[in-house]
Amino acid sequence: MIPKVLSKEIHLEDGRKIILETGKLAKQADGSIVVRMGKCMLLATIVSSKTPSPVDFLPLTVDYREKFAAAGRFPGGFFKREARPSDQEILTMRLVDRVLRPLFPSDYHSETQVMIQLMSHDEDVMPDALAGLAASAAIQLSDIPFEYPISEVRVARVDGMFVINPSKKQLLTSDIDIMIGASENSIAMVEGEFNEITEEEMLDAISYGHSAIKDQINAQIALVKEFGKKDTRTYEREVSDNDLKKKIIEETYESFYNVAKKGLTKAERSENFLEIKDKFLETFSEDVIEEKADLISRYIKESQKKAIRDLVLNEGIRLDGRNTSEIRPIWCEVDYLPSAHGSSIFTRGETQALATVTLGTSKEANVIDLPTDQNEERFYLHYNFPPFSTGEARPLRGTSRREIGHGNLAQRALKNVIPNECPYTVRVVSEVLESNGSSSMATVCAGTMALMDAGVKIKKPVSGIAMGLITENKKFAILSDILGDEDHLGDMDFKVTGTSEGITACQMDIKIKGLSFDIMTEALDQARKGRLEILEHITNTISSPSENVKDHAPKMIYRRIANEYIGALIGPGGKVIQELQKESGCTIVVNEDPKTEEGIIEILGTSPKGIAMVESKIDSITFKPKVGNKYEVKVIKILDFGAVVEYTQAPGNEVLLHVSELAWERTENVTDVVKMGDVLEVKYFGIDSRTRKEKVSRKALFPKPERKD
């Protein structure tokens with residue numbers, strides 16, 4: 001039976017188009033769609049269990065995978081099969097998840113899986129920009145409850161003009177790279193990196209992207225209408241008890257409000273809130289507590305949340321006693337770890353990050369081998385979030401998606417201030433030691449200081465701040481430097497990083513509908529003031545990069561040699577270079593520059609003597625004497641027919657000084673003129689036409705005696 005296939009086209013301003021197609025593939029899924037742009041094709045499916053999960057949240061999994069076959073490539077490594085997702089795939093999963101998750105009903109708890117696969121790759125199309133559109137279209141074609149369609153686009157600015165879903169080549173010359181997720185009426189998610197742009201420029205990019213998203217949403221609606229919208233499935237809804245809810249709020253709200261007003265520490269607040277809960281539970285019998293434990297716990301949390309939000313909106317007072325624009329106390333320190341190449345501590349309130357910098361050669365670059373990208377990162381940042389940072393004890397299960405996402409945000413914040421001429425591969429690692437609000441922004445601040453402490457000549461220092469928002473009807477409060485609790489109970493989490501001149505990265509998740517651009521503008525302005533205040537603390541601690549790397553840190557020297565000498569430097573089976581590394585204590589990396597047909601030699605070492613040894617060897621290998629020039633040589637071997645000498649400026653580079661070239665007078669014995677170890681000057685004549693060997697002469701430096709008759 002020939003399947004019924006339906007499609008819709010979305011036309012972009014520059015003539016490109018996106019095609020949505022359904023009805024051909026994966027028909028047993030609750031919803032499936034193929035999204036095509038050029039030769040790029042994504043298959044997105046969604047399946048959700050008909051029975052609810054016992055958990056009290058939505059067990060949603062968003063999975064994005066890039067198949068190597070899509071690009072006509074084999075997976076690298078020993079096992080020729082796709083395995084765990086790459087960091088880039090996980091970052092795409094997070095981008096989609098953050099927009100989708102809030103739009104499922106709050107009481108929908110069925111196991112739900114969204115799978116997006118790259119089936120065909122196009123070098124001129126970046127598939128992650130299409131993943132959100134694909135996921136939403138698949139959901140719209142299903143009967144799974146979901147509030148309204150969404151989409152995501154990437155916006156770049158090339159030569160002053162905005163571009164929707166640019167190619168990788170266009171991104172190379174763009175000063176804006178921003179992903180925007182939104183519904184028809186509301187921005188839901190923003191994440192991007194910038195080359196020190198203004199707040200107004202960022203808002204213009206968001207607005208431009210939102211216009212394109214509306215077209216993509218209209219295409220989804222038209223496709224679903226033609227396909228035939230399925231009735232939304234019925235599902236088992238959460239049990240509620242309005243009388244119980246009213247009783248709990250009436251009896252606990254004021255107590256929560258008063259505790260929230262005290263400005264306590266995180267531990268003190270938790271203890272006081274727990275006392276209120278325990279005291280209230282004493283008013284119930286054990287049977288009621290056992291029967292309605294989940295409802296009681298839920299309504300107590302709602303009462304606590306309402307009290308904290310009302311305190312901010314009514315009195316402008318926050319959980320730790322600050323006003324809405326106040327930054328927590330900050331202290332910083334650099335050069336804390338004696339053996340690291342660079343280190344710093346950044347502590348803001350109850351959040352603390354310890355950052356380290358390690359300097360290396362190009363062979364330490366982070367190799368990216370994906371179907372859609374084969375590249376190397378010479379600057380990268382890793383973020384670690386151990387359980388003790390929040391006072392918890394839980395098993396370690398490898399690097400989490402959150403750690404990858406937070407590390408990527410901090411890396412994007414800092415990478416554009418690393419100069420192109422930086423000779424090192426630079427790795428920054430942030431260890432979060434305490435966390436109560438925006439450890440990713442603490443990582444940016446600690447990373448900036450550690451880079452400067454290591455002597456990396458960053459263009460400008462970068463600081464970061466996390467902003468929050470609480471709204472109720474027409475009242476709203478924008479919060480600077482939010483706490484962990486404020487992130488959880490607030491309506492927006494907005495992280496902004498930048499230099500004194502402009503924004504370098506941002507990440508925004510909005511949990512409410514219809515956030516106005518006026519509020520976003522005010523939030524960005526308040527964020528700018530906050531990050532400049534934080535930046536002042538950083539520059540008071542370390543105002544500029546250290547002049548030199550630390551004594552124990554490696555020094556990097558670059559040398560260029562003609563390709564013809566690379567073999568001599570490496571030696572048979574790598575013998576020469578391995579022995580040289582062992583003797584000098586240096587790391588030597590040899591790369592070829594295809595543009596100039598030269599070899600690029602990286603010499604990395606802590607000992608100036610060792611570096612000098614390597615440079616001397618390179619000079620020796622690449623030394624080419626010029627005809628007619630004088631050179632200093634040292635006698636290293638005596639033969640019957642001459643002396644073997646080596647150029648003192650190029651040890652190991654030897655030539656025969658023939659006995660006939662020692663002196664104008666007849667020389668019976670070589671040792672009559674020179675002895676082992678003698679240093680003398682010779683003149684270079686090039687290749688002798690008779691012997692086909694290099695010729696040098698000592699006697700040519702002396703006047704020829706007059707001939708006696």
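How many residues does helix α15 have, and how far does the helix reach from its first C-alpha to its last? In this predicted model, α15 spans residues 608–622, which amounts to 15 residues. Its reach is 21 Å, close to the 21 Å expected at 1.5 Å a residue. The buried residues of this helix are G610, I611, V614, I618, S620 and I621.

Helix α10, residues 439–453, may be described in the same terms. It also has 15 residues, and it reaches 20 Å from its first C-alpha to its last, close to the 21 Å expected at 1.5 Å a residue. The helix is mostly covered, with 15 of its 15 residues buried. Just after α10, G455 adopts a positive phi of about 90°.

The cysteines are considered next. The structure holds 0 disulfides. C332 takes part in no disulfide, and the nearest cysteine sulfur, that of C445, lies 7.6 Å away. C445 is likewise in no disulfide, its nearest cysteine sulfur being that of C332 at 7.6 Å. A disulfide would require the two sulfur atoms to be within 2.5 Å. As to accessibility, C332 counts as buried because its relative accessibility is 18%, with the cut-off for burial set at under 20%. C445 counts as buried because its relative accessibility is 0%.

Two sheets can now be followed strand by strand. Strands of a sheet pair through backbone hydrogen bonds, in either a parallel or an antiparallel sense. An open sheet of 5 strands is arranged in the order β11-β12-β13-β17-β16, and its pairing is mixed. Its edges are formed by β11 (330–334) and β16 (379–384); each has a single partner strand, so one side of each is left without a neighbour in the sheet. On average, neighbouring strands of this sheet are turned by 15° against each other, direction ignored. Helix α12, residues 517–541, lies across β11 and β12 and runs at about 35° to β11.

The other open sheet also has 5 strands, in the order β27-β26-β25-β28-β29, with antiparallel pairing. Here β27 (654–658) and β29 (694–697) stand at the edges; because each has a single partner strand, one side of each lacks a neighbour in the sheet. The twist from one strand to the next averages 50°. Strand β26 (residues 642–647) pairs with β27 in the antiparallel sense over 5 bridges, and A643 has L657 in β27 as its bridge partner.

A hairpin provides a further example of strand pairing. Strands β18 (residues 463–472) and β19 (residues 475–480) are joined in the antiparallel sense over 6 bridges. Along this pair, G468 stands opposite L479 in β19. The hairpin has 2 residues between the strands, and N473 takes a positive phi near 60°.

Two individual residues complete the account. S48 is found in strand β4, which covers residues 40–52. With a relative accessible area of 3%, S48 is buried. Its side chain reaches the backbone oxygen of E111 at 3.5 Å. Not counting residues up to four places away in sequence, S48 touches D30, Y108, S110, E111, T112, I144 and R233.

A505 has its place in strand β21, residues 503–510. Is A505 buried or exposed? At 0% relative accessibility, A505 counts as buried. Leaving aside neighbours within four places in sequence, A505 is in contact with G192, E193, F194, L409, R412, A413, K495, V496 and T497. The C-alpha atoms of A505 and G464 are separated by 8.9 Å, while the two residues are 41 residues apart along the chain.

Technical notes. Residues are numbered from 1 along each chain as its sequence is written. This is a predicted model: local features need pLDDT of at least 70, side-chain atom pairs count only at pLDDT 80 or more; totals for chains, interfaces and linings use all residues. Side-chain values use heavy atoms; hydrogens and water are left out. Two strands pair if DSSP finds at least two bridges between them. Helices (H or I, at least four residues) and strands (E, at least two) are DSSP runs, numbered from the N terminus. Axes are lines fitted to C-alpha atoms, for helices over the stretch in contact, and angles run from 0 to 180 degrees between N-to-C directions. Contact means heavy atoms within 4.5 Å. The expected span of a helix is 1.5 Å times one less than its number of residues. Buried means under 20% relative accessible area, exposed over 50%, partly exposed in between (1.4 Å probe, protein chains only). A polar contact is a pair of N or O atoms within 3.5 Å; within protein, one must be able to donate a hydrogen and the other to accept it, and residues adjacent in sequence count only if both atoms are side-chain atoms.
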